[in-house]
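Please examine the structure shown below.

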Amino acid sequence: MNITLLGAGAIGALWAIKLTQQQHKVQLWTRHSETQTTLHFNELTTPITTNSYSFSCNSPDDLAACELLIITVKAFQVTTALTPLLPYLNTDCVVVIMHNGIGTQSQIKQLLPHNPIIYATTSQAAFKPTPTTIQHTGLGQTSLGAINQQAQPLSYIAALFNAALAPTQWQANIYQPLWQKLAINCAINPLTAIHQCTNGDLALPCYQSQLDSICLEVAQVMTAEGFLTTQQQLRHQVDNVIKATANNYSSMNRDIFHHRLTEIDYINGYLVQQAQRHNIDTPINYQLWQAIKHMESLEHA
């Protein structure tokens, strides 16, 4: 397929490279004006193998011929990043949006009233030690699913992603895995960002009561939203991720470390807003939301 990838951060670059390995034609759309770039990719192998991949960038002609647009910018950047591309996009171009958190769906439906829109969430892990080097650091489940009628018949897109980087599955209701990922992000991201610690540090005794409270609040809101779960189930999933990614830093940790804005409004902030709709009190998630907002304000006053 002719693919354009908007947002070549660590996860975006990982997918661009993996889809290129499957012989798809992938161009990158970046905030700079370069027409070509080379990325150096460290595979998740022992010993590490490194290969280089060249990509064309920012070609309106390639965008006009694009059959699949993958958007991997942060949640708060989606609308601003997508808007300049709209004049070039065909209405039959499939749009896949992959970011942490929930809350951009209605905006995207308004921007793209005719295109098939798919949302995705992934537990694949990667980071960029340099601007042109990508390290694949962990395997995880990727889920895709339609959020409008036009995308309902497109389960083959999940097979395309699965061939590039397994395991990937099509979901009849994508909001279920989006909420599951939100629960994990609500627990891990703000705590690791505030304390500037690795995910694995959250296994220490001093974090256990906070993790319990976060999972209880999220379970109450998820249940009210129609996704039955329990505090125990969510806590088990959070503990599994903490263990599996013990040496990793969360994306929010890195954003705070590098003085960047975070996706907190679409994670704990989104949870608090949905809780208010159901008259559910979420004091711990509210405190974490406000703590990160305060840290951001110090950097971006």
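E225 and R277 form a salt bridge, their closest N and O atoms being 2.9 Å apart; the term denotes a side-chain nitrogen of Lys or Arg within 4 Å of a carboxyl oxygen of Asp or Glu. Because E225 lies in the loop between α7 and α8 and R277 in helix α10 (residues 268–277), the pair ties together parts that are 52 residues apart in sequence. E225 is partly exposed, at 24% relative accessible area, whereas R277 is exposed, at 55% (buried is under 20%, exposed over 50%, partly exposed in between, with a 1.4 Å probe and protein chains only). The model is predicted: local features need pLDDT of at least 70 and side-chain atom pairs 80 or more, while totals for chains, interfaces and linings use all residues. Residues are numbered from 1 along each chain as its sequence is written, and side-chain values use heavy atoms, without hydrogens and water.

Across the whole structure, nine salt bridges are found. In one of them, R235 meets D212 at 2.6 Å, N to O. This pair links helix α8 (residues 231–244), which holds R235, to helix α7, which holds D212, 23 residues apart. R235 is buried, with a relative accessible area of 11%, but D212 is partly exposed, at 31%.

Helix α7 (residues 208–224) also pairs with helix α6 (residues 175–195): their axes come within 10 Å and cross at roughly 150 degrees. The two helices are therefore roughly antiparallel, a term for angles over 145 degrees. Residues of the contact (heavy atoms within 4.5 Å) include W179 and L191 in α6 and I214 and V218 in α7.

Key: Axes fitted to C-alpha atoms, helices over the stretch in contact; angles between N-to-C directions. Helix = DSSP H or I, 4+ residues; strand = E, 2+ residues; numbered from the N terminus. Parallel < 35°, antiparallel > 145°, perpendicular 65-115°, else oblique.
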